[in-house]
Amino acid sequence: MAIDFTFPPEIEEVRLRARKFFQEEVAPVDAIRESDQEKYYKSIRPLMQRARELDLWNPHMPKEWDGQGYGPIALASISAEAGRTRLGPFVINAMAPNEGNMHTLLHWGTDEQKEKYLRPMCEAKVFSCFSMTEPEVAGSDPTLLQTKAYQDGDEWVINGHKWFSSGANRASFAIVIARTEDDPEVPQAATTAFIVPTDTPGFDIVREIETMHGPSGHSEIYLRDVRVPAENMLGGRGQGHLLGQARLGPARLAHCMRWIGQAETALEMMIDRAMNRYAHGSMLVEKQAIQWMIADSTIELYQSKLMVMHAAYLIEKGENFKPQVSMTKIHVANTLWKVIDRAIQVHGALGYSKDTPLADMMLGARSARLVDGADEVHMMQTARNAIAAYKDHGNTKAATGDLPL
């Protein structure tokens, strides 16, 4: 029987080591974020050093790039544990958008670009941002991008308006997607990616966008006659859409890995509250309405874990993973929201307050159904996949995970 839902011993050992680190060392620092910010920020670098000592640093990168060389399955086990804490992904240098940008530079960058931009990222000496979304056009359709770049001798000149460029407030450089082709054979071949240092004249961060979650590093940017050398083109000309999609596929799953940790934390908080709260003649945990919330959350989290593990398996095997990641992203994003919402309900007024992390978790969770493709876009693509599978094969097996069943 080829199917095995256990981790190999070496991955399980890493997972347990990660859980101990995040629970015993990172979570206590998370807890003082609001009450003692000076101590909180002073604790970050020592935690990064601890991550190195525990072989958790850059879990997504090859060893030659100061990483651990873990595959997607091992990364899933670590990321789920990291997602239980707010600071976890950051102190192992595997937070968005840096994680996705590292992968992008690793697979698309020239040797010179890797040494100049990837190496210092792997050492946490610099941060980066990914600048694609624009306020004037639908973010879910990159073929509509209006930012333009034209060649002028040995330089490219970029003009445009971007927003929700995550991490731009601390980034040393941005990966900017700009339109370089006026009349491509296909709309997806109209854009090109460029590495743009954020101190380049004309690269102006005008504000950090305030979201429902508060200040979150999502910036609005104007690019006015921004000049970059030709060697700053990342990937080939007209391959900006291709690069963006290649970046976002694994990045979507990385989000899901972290969301599982958050959802499981919310479920555990829900159960703990129900076991310790008395009302109307019995503990909450004995009431059917509460048990149904726990049951729904447990089932949805189980489904989420299976989907993430299967998608990670496909990536690790080098097989087509896009349909599975798309479905996983829809399901896990919605599971995260629903489980946190139920946990708040069981906590009552306490859950609605800021005395537990649930309120902040919910505010952050709402973005999950938008980032890296809105639910509706993934739903549309999933439906198309099912229809195409039925047309081609007379059944939907290829679209429903392409599993043996």
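A: Helices (H or I, at least four residues) and strands (E, at least two) are DSSP runs, numbered from the N terminus. This is a predicted model, where local features need pLDDT of at least 70, side-chain atom pairs count only at pLDDT 80 or more, and totals for chains, interfaces and linings use all residues. Residues are numbered from 1 along each chain as its sequence is written, and side-chain values use heavy atoms, with hydrogens and water left out.

Q: Which element gives the largest share of the lining of the second largest pocket?
A: Helix α8 does, with seven residues.

Q: And by class, what is in that lining?
A: The lining has 18 nonpolar, seven polar and five charged residues. Ala, Val, Leu, Ile, Met, Phe, Trp, Tyr, Cys and Pro count as nonpolar, Asp, Glu, Lys and Arg as charged, and the others, Gly among them, as polar.

Q: Switching to helices: at what angle do α5 and α7 pack?
A: Helix α5 (residues 98–108) and helix α7 (residues 240–276) pack at about 140°, and their axes are 9 Å apart. Axes are lines fitted to C-alpha atoms, for helices over the stretch in contact, and angles run from 0 to 180 degrees between N-to-C directions.

Q: Which residues meet there?
A: From α5, Glu-99, Gly-100, Asn-101, Thr-104 and Trp-108 meet Leu-242, Leu-243, Ala-246, Arg-247, Ala-254 and Arg-258 of α7. Contact means heavy atoms within 4.5 Å.

Q: What classes are those?
A: The contact of α5 with α7 has five nonpolar, three polar and three charged residues.
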